[in-house]
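Grab your viewer and work through these exercises. Each one sets a task, then walks through a solution.

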Amino acid sequence: MTESAAHVRVIEESAAYWRVLFENPPFNIVDATIFEGLQDLLARMDASPSLRVVVFESANPDFYLAHFDLTGKTGNIMTAAGPSGLPILLDTFVRLTTSPVASIAKIRGCVRGVSSEFVLACDMRFASRENTRLGQPEVGVGLHPGGGGAERLPHLVGRGRALEIVLGADDFDGDTAERYGYVNRALPDAELDSFVDALARRIASFDRGAIAAAKNLVNQVSLPSADRLLDALSSFQTALTWTEAQQRVQALLKRGLQSDSDFELRWPAVLGTLLET
């Protein structure tokens with residue numbers, strides 16, 4: 001098994017319903033292998049005419065997908081083109097959104113930055129009420145969202161709340177995320193699995209053509225353009241060169257980001273005083 005296949009593992013519940021398990025210990029950091037696994041998955045989805053629905057979940061209840069790898073293990077995902085012609089990062093999210101297959105994010109644990117942008121690219125999001133930390137902390141790291149967060153959030157939560165999420169750079173719990181529209185629903189953790197499984201099996205029983213047509217109609221009135229997504233990614237790449245961003249990233253890594261489990265759980269809380277300490 002390749003490293004990417006181990007980190008993005010497919011469990012075929014039936015020909016029509018797959019579960020996809022993220023497993024990149026210890027924190028499910030989003031690196032090049034995660035995108036390689038997602039690219040392989042999209043190719044499999046394209047080649048599976050019986051498939052109706054895919055549920056994305058995590059093997060680690062504390063970290064759904066933590067955030068972008070800030071140590072540089074991201075390969076060429078922002079420069080090399082995927083099958084759509086867009087850079088691999090954007091290609092992955094756009095192809096997932098426009099796929100005829102329905103996608104559901106079943107969220108437990110931390111989901112920040114590019115990981116939030118991944119779940120925003122899914123068709124639906126359901127979160128554990130007790131165990132969700134969801135956010136776009138890039139501004140607090142001296143950057144800004146670059147993978148579609150700033151483009152997708154306003155359609156879901158409105159302009160003011162999108163700016164609160166992006167500029168506040170903090171975590172949102174399941175209940176608040178539901179109230180804002182960031183997720184479809186927050187459910188008691190004990191009920192999350194059965195609810196999502198029942199919904200996925202219901203969708204899997206329907207005709208693929210009807211699912212694809214309905215998605216296409218919704219997509220036409222709700223998705224950002226490729227040009228806007230490309231502008232955001234280009235601006236993000238520039239932001240990575242800013243001196244303050246580099247200082248903040250190094251400060252986070254020195255404090256324990258990607259190495260200390262306690263800090264990894266709570267780091268957005270310290271962003272307001274990061275350079276002071």
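This is a predicted model: local features need pLDDT of at least 70, side-chain atom pairs count only at pLDDT 80 or more; totals for chains, interfaces and linings use all residues.

**Exercise 1. Work out how β1 and β2 pair.**

Step 1: find the elements. Helices (H or I, at least four residues) and strands (E, at least two) are DSSP runs, numbered from the N terminus. That puts β1 at residues 8-14 and β2 at residues 17-22.

Step 2: check the pairing, which takes at least two DSSP bridges between two strands. Here β1 and β2 run antiparallel and are joined by six bridges.

Step 3: pick out a facing pair. S14 sits opposite Y17 in β2.

**Exercise 2. Trace the pairing on both sides of β6.**

Step 1: start with β5 (residues 102-112), which pairs with β6 (residues 124-135) in the parallel sense over eight bridges. G109 faces T132 of β6.

Step 2: β5, α4 (residues 114-121) and β6 form a right-handed β-α-β unit; right-handed means that, with the strands pointing away from the viewer, the path from the first strand over the helix to the second runs clockwise.

Step 3: move on to β7 (residues 185-187), which pairs with β6 in the parallel sense over three bridges. Look for S128 opposite L187 in β7.

**Exercise 3. Describe how α5 packs on α6.**

Step 1: get the geometry. Axes are lines fitted to C-alpha atoms, for helices over the stretch in contact, and angles run from 0 to 180 degrees between N-to-C directions. α5 (residues 149-157) and α6 (residues 159-168) pack at about 135°, with axes 7 Å apart.

Step 2: classify it. The angle makes α5 oblique to α6 (under 35 degrees is roughly parallel, over 145 roughly antiparallel, 65 to 115 roughly perpendicular, and the rest oblique).

Step 3: list the contacts, meaning heavy atoms within 4.5 Å. L153, P154 and V157 of α5 meet R161, A162, I165 and V166 of α6. By class, that contact has six nonpolar, no polar and one charged residues. For the classes, Ala, Val, Leu, Ile, Met, Phe, Trp, Tyr, Cys and Pro count as nonpolar, Asp, Glu, Lys and Arg as charged, and the others, Gly among them, as polar.

**Exercise 4. Do likewise for α4 and α5.**

Step 1: the axes of α4 and α5 come within 10 Å and cross at roughly 50°. That makes α4 oblique to α5.

Step 2: E117, L120 and A121 of α4 make the contact with G149, R152, L153 and L156 of α5. These residues divide into four nonpolar, one polar and two charged.

Terms used
Residues are numbered from 1 along each chain as its sequence is written. Side-chain values use heavy atoms; hydrogens and water are left out.
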